[in-house]
Amino acid sequence: MDEQEPCSHITAIKNVRLSEDYVCEECIKHGTEWMHLRTCQTCGITLCCDDSPQKHMTKHYHSTQHPVISSAEPGERWLWCYPDEVFAEY
């Protein structure tokens, strides 16, 4: 991914929320599996990414309009803004 100029949603984040547990909360509830995890920067929930069968984080965005997520993968330090489709490392 090419790094882009951060949008207003990303620049508004002062402290990146990190995953407390390395699990997709919705996959645990429903007994499904996940590939990679993302953490919502508005509410802090950690859910699975679009490579996962259930795509819980994208569903969370569509239901809440919380704009920015971070990777919850160990060693990855990036943010993604859904409405502006902007990626930024931190």
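1. T39 stands opposite S70 in β3. Strand β1 (residues 37–40) and strand β3 (residues 68–71) run antiparallel and are joined by 3 bridges. Strands here are DSSP runs of E with at least two residues, helices are runs of H or I with at least four, and both are numbered from the N terminus. Two strands count as paired if DSSP finds at least two bridges between them.

2. On provenance: the model is predicted, local features need pLDDT of at least 70, side-chain atom pairs count only at pLDDT 80 or more, and totals for chains, interfaces and linings use all residues. Residues are numbered from 1 along each chain as its sequence is written, and side-chain values use heavy atoms, with hydrogens and water left out.

3. The open sheet has 5 strands in the order β2-β1-β3-β4-β5, with antiparallel pairing. Its edges are β2 (46–48) and β5 (86–89); each has a single partner strand, so one side of each lacks a neighbour in the sheet. On average, neighbouring strands are turned by 30° against each other, direction ignored. Axes are lines fitted to C-alpha atoms, for helices over the stretch in contact, and angles run from 0 to 180 degrees between N-to-C directions.

4. Helix α3 (residues 56–64) packs on this sheet and touches β1, β2 and β3. The direction of α3 makes about 120° with that of β2. Contact means heavy atoms within 4.5 Å.

5. β3 is joined to strand β4 (residues 78–81) by 3 bridges, again antiparallel, and V68 stands opposite C81 in β4. The hairpin of β3 and β4 has 6 residues between the strands, and G75 in this hairpin takes a positive phi near 85°.

6. β4 and β5 pair in the antiparallel sense over 4 bridges, with W80 opposite F87 in β5. This hairpin has 4 residues between the strands, and E85 takes a positive phi near 50°.

7. The largest nonpolar core has 12 residues, including C24, C27, L37, C48, M57 and Y82. β1, β2 and α3 each supply at least two residues of this core. Apart from it lies another core of 7 residues, among them I10, L79, C81 and V86. A nonpolar core is a set of buried Ala, Val, Leu, Ile, Met, Phe, Trp, Tyr and Cys residues joined through side-chain atoms within 4.5 Å; buried means under 20% relative accessible area (1.4 Å probe, protein chains only).

8. Which residues does C48 touch, not counting residues up to four places away in sequence? The contacts of C48 are C24, C27, W34, H36, L37, Q54, K55, H56 and M57.

Notes. Buried < 20%, exposed > 50% of the residue type's maximum accessible area, 1.4 Å probe, protein only.
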